Protein chains: 2
Amino acid sequence: MIKLVLQYLKIDRSVQFPIYLQVANGLIDLMRRGILKPGGALPPTRILAKTLEIHRKTVIAAYQELYAQSYTDILKNRGMFVSAVLPDIAPRPVHKGTGPSGVNKETLFPVKRKITNIAPFLPAKQGNLIFNDGFPDTRIAPLELLAREYRRIASYHFTDRFLMYGPEQGSENLRRELASFLYETRGLRAAPEDILITRGAQMAIFLTAQILLSAGDVVIVGDPGYSGANEIFLEAGAKLALAPVDDHGIDINSIEDICKKEKKVRIVYVIPHHHTPTTVTLSPERRMRLLELARKYKFAVIEDDYDFDFHYASSPIMPLASADDYGSVIYIGSFCKTIAPGIRMGFMVAPKNLLQEASLLRKLIDRQGEQLMEEAMANLLASGDISRHLKKANRLYKQRRDTLCNLLDEHLKGYMTFRVPDGGFAVWITFMKGIDPMRVAENASEMGLTISSGKDYYHDKTNWQPSIRLGFASLNNEELFEAVMLLKKAIFKLS
Amino acid sequence: MIKLVLQYLKIDRSVQFPIYLQVANGLIDLMRRGILKPGGALPPTRILAKTLEIHRKTVIAAYQELYAQSYTDILKNRGMFVSAVLPDIAPRPVHKGTGPSGVNKETLFPVKRKITNIAPFLPAKQGNLIFNDGFPDTRIAPLELLAREYRRIASYHFTDRFLMYGPEQGSENLRRELASFLYETRGLRAAPEDILITRGAQMAIFLTAQILLSAGDVVIVGDPGYSGANEIFLEAGAKLALAPVDDHGIDINSIEDICKKEKKVRIVYVIPHHHTPTTVTLSPERRMRLLELARKYKFAVIEDDYDFDFHYASSPIMPLASADDYGSVIYIGSFCKTIAPGIRMGFMVAPKNLLQEASLLRKLIDRQGEQLMEEAMANLLASGDISRHLKKANRLYKQRRDTLCNLLDEHLKGYMTFRVPDGGFAVWITFMKGIDPMRVAENASEMGLTISSGKDYYHDKTNWQPSIRLGFASLNNEELFEAVMLLKKAIFKLS
């Protein structure tokens with residue numbers, strides 16, 4: 001008996017968890033495994049204390065705990081016994097599936113829903129220089145400003161207002177500041193109540209898809225396009241209809257053709273400002289036609305304008321939403337490129353009846369956003385810090401764009417074609433015939449340069465041109481030079 | 001013509017949005033409304049400049065913009081004309097539904113999914129003293145510590161690690177710290193990879209429901225119970241089966257009866273530590289039986305242990321999850337009560353196959369958590385600051401619990417019954433026959449005290465006992481005294 005106890009009772013003095021409870025739980029475990037049988041005696045406290053090398057008082061406390069939790073009975077002058085009224089439990093070995101952690105690897109119950117089409121996060125190869133898909137440079141993220149505001153709010157606004165439950169639509173201050181920011185920067189008229197603050201554009205697309213789509217509905221997307229959005233539509237049960245993308249953006253004629261064929265077109269997803277991945281801008285004439293079609297076929301236009309704030313051409317083109325007279329457009333934006341992708345803040349501007357449902361679903365998911373963060377962001381918008389940061393970032397990124405394009409012209413002419421993007425964070429290049437991007441990527445990776453595959457942007461992989469995206473924004477001039485040199489080596493190694 | 005222009009073109013000098021673009025957009029608007037017809041001439045720049053009282057260069061810039069965006073043609077020596085190649089748009093008045101903001105109130109497309117059963121956030125009546133449902137006191141929230149860590153990370157760890165995209169499962173540091181915290185405080189063995197960091201317990205319940213439930217499935221909940229969870233299960237398409245709750249927690253016999261009748265019981269949702277709203281603890285004997293039933297009927301047990309860290313009795317009872325040999329239990333916890341409800345951080349511990357799907361769905365919703373916040377939390381767990389704060393908070397809340405219970409004994413004996421809760425943030429009181437809580441609440445509200453209705457905790461309103469929850473944690477002794485005095489007045493006013 002004592003042997004068993006020694007074998008099963010593990011005392012861990014290194015943890016805070018009280019030793020008397022460790023003993024009690026150990027004994028409960030023995031009962032549950034059927035090793036200590038109902039009605040069986042517990043070892044005398046003095047002996048158990050001696051064997052476990054703990055104070056007897058500790059064992060007594062453990063036994064009292066067992067008694068208090070009605071695992072044991074006390075028989076006069078005969079000591080403590082495993083309670084007979086416990087449900088009779090057959091001995092059970094620890095389940096096969098149990099991992100080292102003690103948590104099972106598999107559930108006993110069925111897990112019905114499988115989340116398909118989604119790749120888990122994979123960190124890039126350590127130490128490599130990275131031509132990413134096009135992200136801002138986190139080294140210039142105005143994080144000090146954010147932290148300053150955050151701390152200020154934390155210390156001064158020490159009220160329930162930002163620490164308790166708040167509006168699921170998001171901070172009222174942030175929505176007010178954002179409303180004027182949207183008007184001043186892109187002529188988009190929206191009142192604070194027309195805005196829902198989300199966790200990045202991602203959540204805005206997710207909420208919209210969940211509210212508007214049911215199984216079998218059709219969503220029209222550009223191919224190549226943003227696979228992150230496609231994942232969301234597919235998971236919502238929708239069918240994707242693919243429209244080609246040319247130098248003037250997504251092809252409106254194909255959209256109309258699809259609408260004539262398909263009866264259940266609910267959403268057309270566009271990135272008019274700089275289409276992902278090709279960075280082309282949707283022409284004014286196509287914009288008007290798209291709105292006309294939306295009106296005629298009663299589909300929703302999701303205008304993903306995540307990088308509006310980053311344009312290097314003379315003047316930005318107005319969002320579709322600013323010309324939407326009939327409630328066809330859902331305008332989606334993001335601060336994840338303004339601050340950093342890791343700071344999850346975005347928004348959607350939409351008609352009341354949609355915004356209401358989206359807000360309630362948002363409340364169901366996580367109740368509300370990060371209030372303190374939203375308040376800090378509101379302050380940075382009001383103080384003009386965001387505008388100043390954007391001016392600075394735009395100057396820097398424009399210059400990096402030019403650096404990369406010049407380097408490509410100088411060193412890789414004849415191996416690839418590309419057009420200089422009006423904005424955004426990446427250049428979309430297409431390799432000449434005979435150059436296999438996959439093999440270039442393999443060579444590059446060995447040489448210390450990670451480049452992403454352009455193939456991921458094609459839903460229909462057969463459409464794939466041998467193109468990839470070269471993100472310039474997060475690399476400084478030296479890094480861009482080094483990266484292009486490595487890319488050149490990788491290409492030359494092919495022959 | 002010029003009259004029209006004056007009537008429609010509004011120049012706003014107070015905003016950053018360039019005036020030449022304001023003019024251009026105004027003219028585009030006139031074209032879109034059909035007021036400026038295709039082929040029609042634009043007013044001469046000099047005249048328009050004069051009428052709008054702006055520099056002629058600005059008008060020229062606007063016209064160049066229109067031309068660049070192909071809204072206009074230039075005819076030699078005849079000036080600028082509205083492009084004839086524009087799609088012919090019939091004049092459209094601004095849509096009736098348009099709000100003052102310019103955003104439509106209604107969508108043109110159908111909004112199919114309605115989020116029912118969910119009440120939008122409503123702020124409490126200003127100035128009133130509040131007996132809330134049971135929340136921590138945000139006045140003692142360790143927000144300075146959090147802000148300190150946040151700022152430290154922001155300034156020193158200035159790397160991509162916390163500012164770019166990261167693991168959807170949440171910060172590895174936080175999961176590692178949490179794993180040992182869970183073992184040390186409640187003997188729950190879990191490895192970092194068994195944990196998913198969520199935005200409050202809310203998101204953990206949402207993800208679990210979305211993965212495990214499909215339309216028509218059955219979820220067993222206690223009645224009265226936590227309506228926040230019920231909302232999630234109903235929205236997932238499940239049917240609720242209600243089990244009564246007594247002084248030993250949820251009634252296991254009724255759970256078994258339901259399992260015998262219903263074939264599709266997928267989830268049993270329990271709050272074993274302190275059942276919401278009644279604060280009773282699930283007895284050890286019932287815990288074992290619940291696990292037995294889970295094994296027999298292959299349902300999932302959601303163990304919502306959101307307030308484990310707040311127990312005032314000698315020793316906490318172990319979580320169900322620590323005795324789960326077969327992968328039946330999903331253990332859910334939260335930091336929203338440790339720091340503040342507004343800081344959305346929680347977690348779930350579950351078998352790999354479920355955790356994997358939940359993590360991917362989480363990625364689809366908002367990609368990842370607030371990395372910097374998660375890192376800050378990890379530091380506070382590692383430094384022991386959280387444990388110290390919890391000790392302090394427990395002492396304070398235990399004393400406030402006693403204060404409230406004594407006040408109720410002293411001043412309201414004969415009007416209500418209650419049991420002293422072992423932990424948590426509220427006392428569940430039941431009024432004597434003839435005392436209508438609704439009328440008490442009305443009186444109290446006029447007198448300056450807001451009390452919540454206990455009725456919300458009943459899914460089957462007919463089961464409602466005249467009970468309410470009195471949250472003591474967020475009120476200090478003086479406030480508790482004042483609140484009880486007001487409650488007394490409100491009751492006395494009935495007769």
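## A cis proline in chain B

P277(B) sits in the loop between β8 (265–270) and α11 (284–297) of chain B; helices (H or I, at least four residues) and strands (E, at least two) are DSSP runs, numbered from the N terminus. The peptide bond that joins T276(B) and P277(B) is cis, with omega about 5 degrees.

This is a predicted model, in which local features need pLDDT of at least 70 and side-chain atom pairs count only at pLDDT 80 or more, while totals for chains, interfaces and linings use all residues. Residues are numbered from 1 along each chain as its sequence is written, chains are lettered from A and ligands numbered from 1 in the order in which they are written, and side-chain values use heavy atoms, with hydrogens and water left out.

## Backbone features of chain A

A cis peptide bond also runs from D223(A) to P224(A), with omega near 5 degrees. P224(A) is placed in the loop between β5 and α9 (227–235) of chain A.

E53(A) is not a glycine, yet has a positive phi of about 55 degrees. E53(A) belongs to the loop between α3 (45–52) and α4 (56–68) of chain A. Most residues other than glycine have a negative phi, and most peptide bonds are trans.

## Overall form of chain A

Chain A contains 16 helices and 16 strands. The radius of gyration of chain A is 31 Å, whereas a compact globule of 495 residues would have one near 23 Å. This radius is taken over C-alpha atoms, and the globule rule is 2.2 Å times the number of residues to the power 0.38. Along the principal axes, the C-alpha atoms of chain A fill a box of roughly 95 × 60 × 50 Å.

Three domains divide chain A: domain 1 (2–82), domain 2 (129–138 + 390–492) and domain 3 (142–387). The bounds come from an automatic or database domain assignment.

## Domain 2 against domain 3 in chain A

The C-alpha centres of domain 2 and domain 3 of chain A are 27 Å apart. In contact (heavy atoms within 4.5 Å) are 26 residues of domain 2 of chain A and 31 residues of domain 3 of chain A. About 2400 Å² is buried between domain 2 and domain 3 of chain A, and carbon and sulfur atoms give 61% of this area. Buried area is the accessible area (1.4 Å probe) that two parts lose on being put together, summed over both.

Between domain 2 and domain 3 of chain A there are zero salt bridges, a salt bridge being a side-chain nitrogen of Lys or Arg within 4 Å of a carboxyl oxygen of Asp or Glu. Twelve residue pairs, both at pLDDT 80 or more, are in polar contact across the interface of domain 2 and domain 3 of chain A. A polar contact is a pair of N or O atoms within 3.5 Å; within protein, one must be able to donate a hydrogen and the other to accept it, and residues adjacent in sequence count only if both atoms are side-chain atoms. On the side of domain 2 of chain A that touches domain 3 of chain A, α14 (385–412) and β14 (426–431) of chain A each supply at least two residues. The largest share of that side, seven residues, is from α14(A).

## Chain A against chain B

The contact between the chains involves 131 residues of chain A and 132 residues of chain B. Chain A and chain B bury about 12600 Å² between them, with 59% of it on carbon and sulfur atoms. The interface of chain A and chain B has 44 residue pairs in polar contact, both at pLDDT 80 or more. Helix α12 (residues 352–366) of chain A gives the largest share of the side of chain A that touches chain B, eleven residues.

Six salt bridges cross the interface of chain A and chain B. In one pair, E370(B) and R199(A), the closest N and O atoms are 2.8 Å apart. In the salt bridge of K112(B) with D217(A), the closest N and O atoms are 2.6 Å apart. K112(B) lies in the loop between β2 (79–82) and β3 (129–131) of chain B and D217(A) in the loop between α8 (200–212) and β5 (218–222) of chain A, so this pair joins two chains.
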